[in-house]
Each structure stands twice: as C-alpha cells, then as structure tokens.
Amino acid sequence: MIYIAPSILAADYAALGEDVRKVSNADLIHVDIMDGHFVPNLSFGPDVTKAVNGVTDKFLDMHLMIEQPEKWFASYVDAGGDRLVFHVEATSDHVAAAKAAHELGAEAGFAIKPGTPIEPYLDDLEHVEEVMIMSVEPGFGGQKFMPEVLDKVRLLRSRIAEDGLSTIIAIDGGIAAATIAQAAAAGVESFVAGSAVFGADDPAAAVDELRRLARAAR
Ligand code: DX5
Ligand code: ZN
C-alpha cells in the first residue's frame, strides 16, 4: 500500500480549510507540531489540529516535534489526532510512550532524526504502527532531501519482513517528484510532502503524480 500524506505546514494558513479540502485524494493528513525547543521553530497546536479535523474525515498523522511529548498526547487525541508520531530523541522511554498513546486509543509512531541510528529501535518495532524516517533536519519545510537516510529504511524493511510485522515505514522531508522513486525503491510506503503538494498550482494533481511515481518504483 502506498500512502501520500500532504503536510499542512506548507499550506496557506489563512485558507487552511480550503487547502485541506483540495487534497481530498490524499491518504492521510500530516500535521507538524513544533514547540520552539525540540526544533528551532513553532507551528501550531491542538486548536488548529481540531480545526483541521473538523474539515476532513482523513486520518491525522501527528508529527510531534516537541519535548516531553507524552505530556501532550491526550490534548492531541482530544483534538482529533489518530496517530501520535513522537521523536525517540525527545523521550526517555520510547516503548512506554508508545504504550501511553495506545492507552488513549491512538496509534503510535517513532520519528527518527537524520543523525539518529535506527539499530537501537529495531527490537521495539512491534510497539508502533509506523516508523517515520526524517530525510531533513526537522523544523522547516522546503529543505533538501538527504538520500543517506535510505540506508535506515533498508534496515527497517528487512527487519519488519524478518519479524513478520506490518509496521509502516514513512519518510518526511524533501519528498517531491525527483526524490520519491528512490525512497519507494528502498522500501518506504508512506510519503510526507509539504512544498511539493501545497507549493504546486494543483495540489490534488501533485498528490496523484507522487502516488504514480511511488507505485512505479516499488
Ligand atoms: C519538517 C516537517 C515536514 C515538512 C516537510 O520538520 O516535519 O513534515 O513539512 O516539508 P517538505 O515536504 O517541504 O520538505
Ligand atoms: Zn513532519
């Protein structure tokens, strides 16, 4: 299965509802939460998440780029978040955090910064529905894709197969028509795209094109 997840970080905030409705052909919506501490930028919080949830039935993948993410889990579930994808670098116990997400009725995901090795997490994949490999330093949209992180995708892909798991491998950062094929070939199933979707004249057409390129490369 291929999932295309537009990141509303790149949307027009003055017309957010309209932009979300434009990508009705997307598989899920990626919501970037930044706290100005874990990453050097601020985005939005539970209230904007709730507003987005009010204009779409789509699954909301919450990318929590925040310190002490567990503290905020309940707020984002109440706001309509469906999967809590927190940074392993931001918590002292990533398995406990995943369990806390599940106890709230949400799915859980590990997000992994470009410089963070994947090996320490390979034994814990059964605890999450998704692992999101960052292909840029988190904090800003519109950055250049880092192909070297695909080695982590390959490691993950083979461990997921070995262990018979259904964990989704997602990638976030710099995904566009020029980069999506290499990520798909490495084993990514879920593709976050901000500027490549909302920076396009026709965001829905951009989603279709990304999906076509990903399918062709698998
Ligand atoms: C960056 C965010 C990304 C961002 C991706 O910290 O996590 O989701 O929106 O933007 P593009 O697709 O423009 O790299
Ligand atoms: Zn993100």
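Is Lys22 buried, partly exposed or exposed, and what is its relative accessible area? In this predicted model, Lys22 has a relative accessible area of 40% and is therefore partly exposed. Its salt-bridge partner is Asp19, with the closest N and O atoms 3.3 Å apart. Asp19, at 7% relative accessibility, counts as buried. Asp19 and Lys22 are three residues apart in helix H1 (residues 16-22), and about one helical turn therefore separates them.

The overall architecture may be considered next. The protein chain comprises eight helices and eight strands. Its radius of gyration is 16 Å, close to the 17 Å given by the globule rule for 218 residues, so the chain is as compact as a globular protein of that length. Along the principal axes, the C-alpha atoms fill a box of roughly 40 × 40 × 30 Å. Of the 218 residues, 54% count as buried, and the accessible surface comes to about 9200 Å², with 49% of it belonging to carbon and sulfur atoms. Among contacts between residues at least 6 apart in sequence, 62% join residues at least 24 apart.

Side chains of opposite charge can pair when their charged atoms come close. Twelve salt bridges are found in the whole structure. One of these joins Arg211 and Asp208, whose closest N and O atoms are 3.3 Å apart. Both residues lie in helix H8 (residues 203-217), three residues apart, or about one turn of the helix. Arg211 is buried, with a relative accessible area of 10%, whereas Asp208 is partly exposed at 42%.

Arg83 and Asp61 meet at 3.0 Å, N to O. Arg83 belongs to strand S4 (residues 83-87) and Asp61 to strand S3 (residues 59-65), so the pair ties together parts that are 22 residues apart in sequence. Both Arg83 and Asp61 are buried. Through salt bridges that share partners, Asp61, Arg83, Glu107 and Glu130 are joined into one network.

Beyond its neighbours within four places in sequence, Ala108 is in contact with residues including Arg83, Glu130, Ala98 and His127. The relative accessible area of Ala108 is 0%, so this residue is buried. The C-alpha atoms of Ala108 and Val85 are 5.7 Å apart, although the two residues are separated by 23 residues along the chain.

The structure holds five aromatic pairs. In one of them, Trp72 and Tyr76 are tilted, at 6.4 Å centre to centre and 45 degrees between the planes. Tyr76 is buried at 3% relative accessible area, while Trp72 is partly exposed at 40%. The rings of Phe110 and Tyr121 have centres 6.2 Å apart and planes at 55 degrees, so this pair is also tilted. Phe110 lies in strand S5 (residues 107-112) and Tyr121 in the loop between S5 and strand S6 (130-134), eleven residues apart. Both are buried, and together with Phe73 and Phe86 they form one aromatic cluster. Elsewhere, the charged end of Lys113 sits over the ring of Phe38, 5.1 Å from its centre.

Finally, Ser135 is located in the loop between S6 and helix H5 (150-162). Its relative accessible area is 0%, and Ser135 is therefore buried. Leaving aside neighbours within four places in sequence, its contacts include Lys144, Phe145, Ile171 and Asp172.

Note on methods. Residues numbered from 1 in each chain as written. Chains lettered and ligands numbered in written order. Predicted model: local features only at pLDDT ≥ 70, side-chain atom pairs only at ≥ 80, totals over all residues. Heavy atoms only, no water. Phe/Tyr/Trp six-rings, centres within 6.5 Å; stacked < 30°, edge-to-face > 60°. Buried < 20%, exposed > 50% of the residue type's maximum accessible area, 1.4 Å probe, protein only. Helix = DSSP H or I, 4+ residues; strand = E, 2+ residues; numbered from the N terminus. Lys NZ or Arg CZ within 6 Å of the ring centre and 35° of its normal. Rg over C-alpha atoms; globule rule 2.2 N^0.38 Å. Contact = heavy atoms within 4.5 Å. Areas by Shrake-Rupley, 256 points an atom, 1.4 Å probe, with all protein chains shown as cover. Salt bridge = Lys/Arg side-chain N within 4 Å of Asp/Glu carboxyl O.
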